[in-house]
Amino acid sequence: MFILQHLPIVCLVLSGQICVVSSLCSSKLENSLFDDLIRMMLKLKGTGLGGQGNTSTQKDTPAFSAYLTSAQTASTNAIVKFNKLWTNTMHAYDVTTGVFTAPLPGLYHFSAVVMSEEGKRLFLHLWHNDTKTAGSFSHGNGYKTGTFDVVFKLKKGDRIYIRCASGCNSQKIYSGYHYYSTFSGYLIAK
C-alpha cells in the first residue's frame with residue numbers, strides 16, 4: 001500500500017529524474033518508470049529464497065498495462081480493446097483483440113479501472129477463458145468508475161479479457177488524453 005500511495009516519490013527515486021508520471025512526461029520516460037516500478041514490486045514480494053527477491057528478469061515475467069486513448073462504444077458481449085500500452089513484456093496482451101493470453105502457468109494479478117460517460121451506466125465483466133468472473137457496474141450523476149481487482153491461477157494459454165455485459169447495447173467507456181480507463185496484469189508467482 002505504501003508504494004501506491006507514494007508512487008510519484010518512488011518513481012523519482014527509481015529513475016533519478018525529477019518527474020511525476022503524468023501526461024507531461026514523455027511516453028519513453030513513463031514506460032521506463034513503470035518498468036522500474038514493476039521490477040521493484042517483483043523484487044519486494046520475494047520468492048522464498050531467504051528474502052533475496054524475485055530471480056526472474058523483466059524479459060521472462062509477463063506483465064502488461066494498457067489504456068484507452070478515447071471513448072469506446074461497447075455492444076453486448078463485445079470485448080473491450082484497450083488500444084495503447086505502457087508496458088507489455090512477453091507480448092501477452094494483444095491490443096487488436098483486447099485479450100491477455102498467459103505465456104506461462106502461474107498466479108496472476110489483474111486490475112482495471114473503467115469510466116462511464118457522464119450520467120450513463122456501464123456494466124462490464126472480467127472473463128477467464130469462457131467463464132464470466134467479476135463484474136463492474138457504474139451508474140449515477142457525473143462520470144463514474146468501476147474497478148476489477150482479482151487473482152487467478154492460470155495455465156499457459158488461458159485468456160483474460162473484459163466484456164460488455166449481456167443486454168448492454170451501445171454503452172460507452174469513457175477515456176481521453178488523461179487515460180481514465182486502464183487494464184493491467186502481471187505474474188505474481190510461477
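A nonpolar core is a set of buried Ala, Val, Leu, Ile, Met, Phe, Trp, Tyr and Cys residues joined through side-chain atoms within 4.5 Å. Buried means under 20% relative accessible area, exposed means over 50%, and partly exposed is in between (1.4 Å probe, protein chains only).

This is a predicted model, where local features need pLDDT of at least 70, side-chain atom pairs count only at pLDDT 80 or more, and totals for chains, interfaces and linings use all residues. Numbering runs from 1 along each chain as its sequence is written, and side-chain values use heavy atoms, with hydrogens and water left out.

**The chain and its core**

Of the 190 residues in the chain, 41% are buried.

The largest nonpolar core has 27 residues, and Phe82, Phe100, Phe110, Leu124, Ile162 and Phe183 have the most contacts inside it. Among the elements that give it two or more residues are strand E6 (106–116), strand E7 (122–128) and strand E9 (145–154). Take Leu124: beyond its neighbours within four places in sequence, its contacts (heavy atoms within 4.5 Å) include Val80, Val114, Phe148, Ile162 and Ile173.

**The aromatic rings**

There are 15 aromatic pairs here. Rings of Phe, Tyr and Trp (its six-membered ring) pair if their centres lie within 6.5 Å; planes under 30 degrees apart count as stacked, over 60 as edge-to-face and the rest as tilted.

| Pair | Centre to centre | Angle between planes | Type |
|---|---|---|---|
| Tyr67 and Trp86 | 4.1 Å | 25° | stacked |
| Tyr67 and Tyr179 | 4.3 Å | 55° | tilted |

Tyr67 sits in strand E1 (residues 63–67) and Trp86 in strand E3 (residues 84–89), so their pair ties together parts 19 residues apart in sequence. Tyr179 is in the loop between strand E11 (171–174) and strand E12 (182–189), so its pair with Tyr67 in strand E1 ties together parts 112 residues apart in sequence. Tyr67 counts as buried at 10% relative accessibility, while Tyr179, at 27%, counts as partly exposed.

Elsewhere, ring pairs link Phe64, Phe82, Tyr93, Phe100, Tyr108, Phe110, Phe152 and Phe183 into a cluster. Phe82, Phe100, Phe110 and Phe183 turned up above too, among the residues with the most contacts inside the largest core.

Note on methods:
Helices (H or I, at least four residues) and strands (E, at least two) are DSSP runs, numbered from the N terminus.
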